[in-house]
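Please walk me through this model of two chains.

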Amino acid sequence: MTTATTALQPDTRAETLVGAYERAGYRRVAPPILQPAEPFLDLSGEDIRKRIYLTADADGRELCLRPDLTIPVSRDYLASPAAGSSQGFCYLGPVYRDRGVLPAEIVQAGIESFGRSDKAAADAEMLALGLDATAHYGIAEPEIRMGDVGLFASLVAALDLAPAWKRRLVKDFNRKTSLAHDLDVLTLHTAQNKPEYQGVLAALERSDPKAAHALVTDLLSIAGINTVGGRTVGEIAERFLEQAALGAATTLPRETRSLIEKFLAIAGDPDEAAAELRALAASAGLKIESALDLFESRAGFLAARGVDVSRIRFSTAYGRGLDYYTGFVFELHDPSAAPNGPLVAGGRYDELLGRLGAKSPIPAVGFAVWIERVAGGGGQS
Amino acid sequence: MSAPLIVAVPSKGRLQENTEAFFGRAGLQLVKPRGARDYRGAMADLPGVEVAYLSAGEIADALAQGTVHLGITGEDLLRETIADMAKRVVVIEGLGFGFANVVVAVPQAWIDVRSMADLDDVATAFRLRHDRKMRVATKYVNLTRDFFSRFGIVDYRIVESSGATEGAPAAGSAELIVDITTTGSTLAANGLKIVDEGTILRSQASLVAARGAAWGDAEREIARRILDRIAAQARARACREVRTRFPGCDEAMLSQAKERFGVVAPFGGPTSSGMLTLHCPPAAVYDLASFMRERGAQSIVVAAIDYVFAPDNPLYARLIAGL
């Protein structure tokens, strides 16, 4: 029943949508469909190998059919003389993902906005332009889901926890469907697996950190070990000593855990959520003002753009499950249709351009519209 | 004549020797009528079988595609090569050779890494510090990806390696490896250690059937005969035949022997003159002999046997159930 729309058949409705994005100041681009596979594998993880169409050129370099347009548009921008300056791009074209029985070719329209330092305003503009897309296709009141990865990151940064715990919590926020369950696993797991050198670690924990570091480094050096498998002796020593810190508190402190759970339970419209977050931060003495300020400022810009903020379903636990988002994330869903993935989805990815080789940090935000879904064509995720 | 039943066997090394010995024990001699260099052979005394000599990796592919009916290859290669393994092949039996584990191994100098949870943490820390992901050298791309995913490890890249994988960390082309090991001595020689809970798979050479092959009545019949001989031989190998005759040999003694030594009496209980044949697990033979001598046996003869044919054929039953 599903017919694949190809880039060769102009879709006038989608063209009109992208035309509107062009008039709003976004330059239309069309990166090559065949892309080097490396950046996708590097940024999206090895798991994506299962879902992308890989091939190789005569020199053995891995190529793939682009599984999204964010990375290709980002790379072209970085390679251009405009790299680093504030630039906005829009696109319309196919992406390719192995989805089992569903068609592999998916047509997406979308926007990527680079280099804008007015982050709250840029975030709000993305959601507003996303809503223009659903309105353009006659979906009057899509469900708006919103999250802010930056809030959780600032919570973790503000907590009094060992670096290893912080890394784990941030990584797993993006990964796991249920962080509550994940906290259980982490707590139990560490309790059961005491480090091999528990006694030594406990002794080292009470010693001068610099001296302990020097001791471990020396011991490894005596064994003739310098750099092994890309990790330096200093790096190994450092994490070995971090385990000493973890060893002192082999389980996540109860009050910390309950604080994280309270934090992640906060949901509602952005105004309600902001009030609850401020109250929680005040009672726990958490310094997360700058993330909260950004959050409230964004809500203000959304209202100024005519978005009914009370319709937004915000949750602190919502993260879209993708590594490269660093702040605002959102999805639009059709409330009247069977759940089959978002109509529009996007967010902020301030670290992506750095990981693609940008010399200095470049803020970035964008979204993609699933054309078959908004057009009601039956394309499913 | 109808199309032959194709049996794929490893074309070189220890795996080939062990496979030939395995079929040989079952009275199925692999022959190459057109000379030793030929990659097609047959089974002596069993017409209708074609033996295809392939590399262990090719055998896994051929089984997945259904271009051969039966094959012998390592379970590691099956699981790595065939994504939807249960749909494509039936593992009939592990053969008790070609044992090897697929493991995650890191440099011994990583004293801060013991468990997979440590590795997860190191992977993330590595990315944050070096602005690139930790590299895992392996030929087991799929096994590695699934295993790492189970532990929530995301910050890594796979570097495909087809030989001397264990040298990759020392050579600087990867940080750690996923590779096959039998004793762990090669890993140790390369300054590597196995991570706790890092054993992805305990593998052995296995007899496997391809579900996608053409399984007509003729093919099934030939497979039944092959598997019947293998099963008969396996049954025979699992026991020794013990024969004796003495007056005290009665039903009471027999039931006691069954209980204590796990023996079976293939031809029924003792005759009126006290003659009895038993099949006894090899490890219990001496204890059984002592037990019977205490009860008056003068002479007990123990022999290894070649085949024990029985009405049932568990290997063939497994094949048919799986197809």
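In which kind of crossing, left-handed or right-handed, does α5(A) pass α13(A)? α5(A) passes α13(A) in a left-handed crossing. A crossing is left-handed if the near helix is turned anticlockwise from the far one by less than a right angle, and right-handed if clockwise.

This is a predicted model, in which local features need pLDDT of at least 70 and side-chain atom pairs count only at pLDDT 80 or more, while totals for chains, interfaces and linings use all residues. Residues are numbered from 1 along each chain as its sequence is written, chains are lettered from A, and ligands are numbered from 1, in the order in which they are written.

**Helix pairs**

Two packed helices are described by the angle between their axes and the distance between the axes. Helices (H or I, at least four residues) and strands (E, at least two) are DSSP runs, numbered from the N terminus. Axes are lines fitted to C-alpha atoms, for helices over the stretch in contact, and angles run from 0 to 180 degrees between N-to-C directions.

| Helix pair | Angle | Axis distance |
|---|---|---|
| α5 (149-158) and α13 (289-304) of chain A | roughly 165 degrees | within 9 Å |
| α12 (270-284) and α13 of chain A | roughly 165 degrees | within 10 Å |
| α10 (251-261) and α11 (285-294) of chain B | about 155 degrees | 11 Å |

Angles under 35 degrees count as roughly parallel, over 145 as roughly antiparallel, 65 to 115 as roughly perpendicular and the rest as oblique. α5(A) and α13(A) are therefore roughly antiparallel. Their contact uses A:G150, A:L151 and A:S154 from α5(A), and A:A291, A:L294 and A:F295 from α13(A). Two residues are in contact if their C-beta atoms, placed from the backbone, lie within 7 Å. By class, this contact has 4 nonpolar, 2 polar and no charged residues. Ala, Val, Leu, Ile, Met, Phe, Trp, Tyr, Cys and Pro count as nonpolar, Asp, Glu, Lys and Arg as charged, and the others, Gly among them, as polar.

α12(A) also packs against α13(A), and the two are therefore roughly antiparallel. Their crossing is left-handed. On the α12(A) side the contact includes A:P270, A:D271 and A:A274; on the α13(A) side it includes A:L292 and A:F295. It has 7 nonpolar, no polar and 3 charged residues.

In chain B, the angle makes α10(B) roughly antiparallel to α11(B). This crossing is right-handed. B:A257, B:R260 and B:F261 of α10(B) meet B:D287, B:L288 and B:F291 of α11(B). The contact has 4 nonpolar, no polar and 2 charged residues.

**Sheets**

Strands of a sheet pair through backbone hydrogen bonds, either parallel or antiparallel. Here two strands pair if DSSP finds at least two bridges between them.

Chain A has an open sheet of 9 strands with mixed pairing, in the order β1-β5-β6-β12-β11-β10-β7-β9-β8. Its edge strands are β1 (27-28) and β8 (267-268), each pairing on one side only. β5 (87-96) and β6 (105-114) of chain A are antiparallel over 10 bridges. A:G88 stands opposite A:S113 in β6(A). Helix α1 (12-23) of chain A packs on this sheet and touches β1, β5 and β6 of chain A.

In chain B, 7 strands form an open, mixed sheet in the order β2-β3-β4-β1-β5-β12-β6. β2 (30-31) and β6 (89-94) of chain B have a single partner strand each, so one side of each lacks a neighbour in the sheet. β1 (5-10) and β5 (70-74) of chain B run parallel, joined by 2 bridges. B:V7 has B:L70 as its bridge partner in β5(B). Helix α1 (13-25) of chain B packs on the sheet, at about 135 degrees to β1(B). Helix α2 (56-65) of chain B lies across β1, β4, β5, β6 and β12 of chain B.

**Between the chains**

The contact takes 28 residues from chain A and 26 residues from chain B. On the chain A side, α6(A) gives the largest share, 6 residues. That side has 8 nonpolar, 6 polar and 14 charged residues.

**Confidence**

The model scores ipTM 0.72 and pTM 0.77. pLDDT is the predictor's confidence in each residue, from 0 to 100. Chain B averages 91, with 99% of the residues at 70 or above. Chain A has a mean of 85, and 84% of its residues reach 70 or more. Over residues 377-381 of chain A the pLDDT is below 50. Where pLDDT is low, the predicted coordinates should not be read in detail.
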